[in-house]
Structures are given as structure tokens and as C-alpha cells.
Amino acid sequence: MISLKQVGKTYGTPGQEAFSAVQDVSLHIKPGSIHGIIGESGAGKSTLLRMMNMLERPDTGQVWFEGLELTGMTEHQLREIRRQSGMIFQQFNLLHNRTVARNVEMPLELAGVPGKQRRQRAEECLAITGLTDKARQYPAALSGGQKQRVAIARALAPNPKVLLCDEPTSSLDPRTTIDILSVLREINRSLGVTIVIVTHEMDVVRRLCDEVTVMEGGRLTDQFMLPSRGAGRHGEGGASGDEAALSPPASYREQLLGKAGERE
Ligand SMILES: Nc1ncnc2c1ncn2[C@@H]1O[C@H](COP(=O)(O)OP(=O)(O)OP(=O)(O)O)[C@@H](O)[C@H]1O
């Protein structure tokens, strides 16, 4: 699905000290999987995610998407590829002067899809995320969890193969986090959409992911599969987001596999 081959990214302008945000990372995202990228603040997780659809161009290495090498493509060529990869963010990024339905229609408008088709697709996507009754509301009238559902519906509108999720639950309370994770899980299960999710919360990985990559100081320091997603694995709490954020990266494997193992 997506392969990163020895990618690296350095930030900085001439005259400033360069900062190496990601170094020599190789990673393969399997089709149909839910892949977590976990690590502390500044570890390079978002940069890595944004390189997957070339919103951030790597300085070194290659990015492959569905057998196509993106690294040499022009912005014009990348636009089509980006339609196949929806993105969602911590802060939802909705347009406040548009209704919920018109937010969801937005990527279709940009792609030149005719109005009737757009409205129909927006309805379908809002049904998938359980927001049919909110179509005519404005974002200001919605809760955080509902706003994120709108953002997910909008990302789904162009029928992407993958959803790239950058800390999608970090501004939500624990109950709403669980709701959003179940929406993502259902999208993966019923529509076959591959999901890549960046998070600093151990519990998000534990509840949702099949495989996890650990980032530390711009480098990939560990990668492992999680036991198959069963009722036991989803049902229990484990470390809270705050505890997880304080955990040293070296212990992610132990904590994730240990906790999952206990419940098996
Ligand atoms: N556009 C930029 N210009 C300069 N430095 C940047 C830029 N974007 C990111 N960085 C730096 O690169 C490093 C990695 O950032 P990145 O956002 O990828 O990390 P992260 O693991 O996602 O962190 P967080 O969880 O806090 O978002 C950080 O030190 C950050 O300050």
C-alpha cells in the first residue's frame, strides 16, 4: 500500500541551524491494516505521516503508494494521489461558514464532481459516520466528537484507499475517543480502508491497531504486530492517555504486548 524507503527530513532555512526531524526510516503499511505510529512529542511522527502523501517532501529516500513512486512526481501529479488518501487532524479543520453537508462535499467540489453526485455522496458519508441528522447544522453547533465525525466523513467523500490520521482523538475526552476509534475501526472493517494513525496515547494503539511503529528522536526504534483485535483487547482500560504520554518509548513494546497478553 505505502512504503517509505530510508526517508529523511531536515527542517531549516539557509543561515539557520538545520534540524533533522526524521532520519533513515523504512516502513511498509500493509493494505487493509490499521497501523499506529507512536512516540513522544517531537519524535517525528507527524512529519513521517505527512511524507506518506508527500504533503512533506522527504530530502532523502523514496515514498511509494500503490506501486507508484511519489518522490519524483510534480504537485499536479500528486493531487490525484492525494485524493486516494484522506487526512484527519486533531483540530478537525472544518470550515465554520459551511454546513456539515457542505464541509463533506468540499473535496468533491475541488475535484469538479457535479452537485447532485456531491450531495448524494455527502449523505452516504454522513450516514457512515452516524451524522445524517446533523447535515444542515453548522460546525459551531456540534460537539468535538461530532466535529471529528464530520472530518472523517469529509475525508471519506472521495473514496480514499487510506486514511491518514494525525492525533485524531487528542482533543477528545476518553468516552468520545472510544466512539471515534470505533468509527475508524468500522470504516476499516466494512469499507476495507487502510488506516495509519499517529498518536502519543498507548490506549489508542491498544484499542485500534494491528501493527505499531515506535518513533524516537526522528528514528524508527521498534515495530511489532499486536495480537488480533478481539473483544478482550477492546474491553479494558489499561494506561490512561496521560500515563501513556509519560511512558518512555523503550517500554512501548512491553506495555502494549504485555497488556494485550494479560487479557488473552
Ligand atoms: N515546518 C517545520 N519547520 C521546522 N521544524 C519543524 C517543522 N515541522 C516539524 N518541525 C520539528 O520537527 C520535529 C518533529 O516534529 P513532528 O511534528 O513530526 O513530531 P511529532 O512526533 O509529531 O510531535 P507532536 O506529537 O508534538 O506533534 C519537532 O522538533 C518539530 O519542532
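**Reading a predicted fold: strands, helices and a ligand shell**

Student: Which strands pair with E3, and in what sense do they run?

Tutor: Strand E8 (residues 194–199) pairs with E3 in the parallel sense over five bridges, and in that pairing Gly36 stands opposite Ile197. Strand E9 (residues 211–216) also runs parallel to E3, joined by four bridges, with Val214 of E9 as the bridge partner of Ile38.

Student: In what order do the strands of the sheet that holds E3 follow one another?

Tutor: The order is E6-E7-E8-E3-E9-E10, six strands that form an open sheet with mixed pairing. Strand E6 (85–89) and strand E10 (219–225) each have a single partner strand, so one side of each is left without a neighbour in the sheet. From one strand to the next, the twist averages 15°. At the E6 end, E6 pairs with strand E7 (residues 162–166) in the parallel sense over five bridges, and Met87 stands opposite Leu164 of E7.

Student: How is the sheet that contains E1 arranged, and what is the sense of its pairing?

Tutor: That sheet is open and has four strands in the order E2-E1-E4-E5, with antiparallel pairing. Its edges are strand E2 (19–29) and strand E5 (68–69), each with a single partner strand, so one side of each has no neighbour in the sheet. Strand E4 (residues 60–65) and E5 run antiparallel and are joined by two bridges, with Phe65 opposite Leu68 of E5.

Student: Which residues have a positive phi without being glycine, and where are they placed?

Tutor: One of them is Asp24, whose phi is positive at about 50°, and its place is in strand E2. Another is Glu66, with a positive phi near 50°, which is placed in the loop between E4 and E5. Asp24 is partly exposed, with 14 other C-beta atoms within 10 Å, and Glu66 likewise counts as partly exposed, with 14 C-beta neighbours inside 10 Å.

Student: How should I describe two helices that pack together, taking H3 and H5 as the case?

Tutor: Two packed helices are described by the angle between their axes and the distance between the axes. Here the axes of helix H3 (residues 100–110) and helix H5 (residues 144–156) come within 7 Å and cross at roughly 30°, and the crossing is right-handed. Val100, Asn103, Val104, Met106 and Pro107 of H3 make the contact with Val150, Ala153 and Arg154 of H5. By class, six residues of this contact are nonpolar, one is polar and one is charged.

Student: Which residues surround the ligand, and which elements give two or more of them?

Tutor: The ligand is surrounded by Tyr11, Phe19, Ala21, Gly39, Ser41, Gly42, Ala43, Gly44, Lys45, Ser46, Thr47 and His200. E2 and H1 are the elements that give two or more residues to this shell, and H1 supplies the largest share, three residues. The shell divides into four nonpolar, seven polar and one charged residues. Helix H1 (residues 45–52) itself lies across strand E1 (2–11), E2 and E4, running at about 125° to E1.

Student: What do the totals for the protein chain say?

Tutor: The protein chain has 10 helices and 10 strands, and buried residues make up 39% of its 264 residues. Among contacts between residues at least 6 apart in sequence, 71% join residues at least 24 apart.

Note on methods
Residues numbered from 1 in each chain as written. Predicted model: local features only at pLDDT ≥ 70, side-chain atom pairs only at ≥ 80, totals over all residues. Pairing = 2+ DSSP bridges. Contact = placed C-beta atoms within 7 Å. Axes fitted to C-alpha atoms, helices over the stretch in contact; angles between N-to-C directions. Left-handed = near helix turned anticlockwise from the far one by under 90°. Nonpolar A, V, L, I, M, F, W, Y, C, P; charged D, E, K, R; others polar. Near = placed C-beta within 6 Å. Buried ≥ 20, exposed ≤ 12 C-beta atoms within 10 Å, placed from the backbone.
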